[in-house]
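Please look over the sequence and the model before reading on.

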Amino acid sequence: MDHFGGAETRAELAAAAPAKDPAILALEKELETERAALVEAEAKRERDREAAVLREQIEDVRRRRKEEEALAAAEAQYGPLGKKIEALQTIEGLVIVRAADGIKARKWMDQHGENPKVQACRELARPCVVYPSLDRYDEIIADRPVVVVSTANAVLKLAGLGGKELGGK
């Protein structure tokens, strides 16, 4: 007996309850399916992000290894870092330059002064680039022209003319 004097049990009440509307059941099933798809999409996105981070780390370590090998080779061929070669870390990677002929560097400085045009900096720096390849260096300076000024500054420093940086800095 229930509280109101009836003999109905819960099972009897459930059996007597009207069946759910088929449209509601279909919507509930669709919602359940969409929630499961959302969980799977989120999991896939997380896996893809994690894989991308790992690929980026691999590329970074590979690039740094190549740069270290290039620096060692440049030191072996031209002489010590800071005396015969300079290494410039740029957003695009390492650029290694060797010393220019002192007479050519002084002549260049006399001709162009402390505020040379980018093309003049390129003419001084490009022949002194040891790493990366000249094609890659040209790509870097096409995207980031300021790198050519930094490279020219390094060449002048190696030639003993680096008291003031180009561009009036």
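## Fold and helix packing

Among contacts in the protein chain between residues at least 6 apart in sequence, 58% join residues at least 24 apart. Contact here means heavy atoms within 4.5 Å. This is a predicted model, in which local features need pLDDT of at least 70, side-chain atom pairs count only at pLDDT 80 or more, and totals for chains, interfaces and linings use all residues. Residues are numbered from 1 along each chain as its sequence is written, and side-chain values use heavy atoms, with hydrogens and water left out.

The protein chain has six helices and three strands. Both are DSSP runs numbered from the N terminus: helices are H or I with at least four residues, strands are E with at least two. Their order from the N terminus is α-α-β-β-α-α-β-α-α. Of the 169 residues, 25% are buried. Buried means under 20% relative accessible area, exposed over 50%, and partly exposed in between (1.4 Å probe, protein chains only).

Two packed helices are described by the angle between their axes and the distance between the axes. Axes are lines fitted to C-alpha atoms, for helices over the stretch in contact, and angles run from 0 to 180 degrees between N-to-C directions.

| Pair | Angle | Axis distance |
|---|---|---|
| Helix 3 and helix 4 | about 175° | 11 Å |
| Helix 4 and helix 6 | about 50° | 8 Å |
| Helix 5 and helix 6 | roughly 120° | within 6 Å |

Angles under 35 degrees count as roughly parallel, over 145 as roughly antiparallel, 65 to 115 as roughly perpendicular and the rest as oblique.

**Helix 3 with helix 4.** The axes pack at an angle of about 175°. That makes helix 3 roughly antiparallel to helix 4. Ala105, Trp108 and His112 of helix 3 touch Ala120, Cys121 and Leu124 of helix 4. By class, this contact has five nonpolar, one polar and no charged residues. Ala, Val, Leu, Ile, Met, Phe, Trp, Tyr, Cys and Pro count as nonpolar, Asp, Glu, Lys and Arg as charged, and the others, Gly among them, as polar.

In helix 3, Ala105, Trp108 and Met109 are buried. Seen down the helix 3 axis, these residues fall within an arc of 100°, so they line one face. The arc is that of the directions from the helix axis to the C-beta atoms. The face of helix 3 turned away carries the exposed residues Ile103, Lys104, Lys107, Asp110 and Gln111. Just after helix 3, Gly113 takes a positive phi of about 70°.

Which residues of helix 4 are buried? They are Ala120, Cys121, Leu124 and Ala125. Seen down the axis of helix 4, they fall within an arc of 125°, so they line one face of the helix. Their cover includes helix 3, strand 3, helix 5 and helix 6. Helix 4 and helix 6 are oblique to each other. Val118, Cys121, Arg122, Leu124 and Ala125 in helix 4 meet residues of helix 6 including Val148, Thr151 and Val155.

**Helix 5 with helix 6.** These axes cross at roughly 120°. Helix 5 is thus oblique to helix 6. Tyr137, Ile140 and Ile141 of helix 5 contact Val147, Val148 and Thr151 of helix 6. Pro132 lies in the loop between strand 3 and helix 5. A cis peptide bond joins Tyr131 and Pro132, with omega about 0°.
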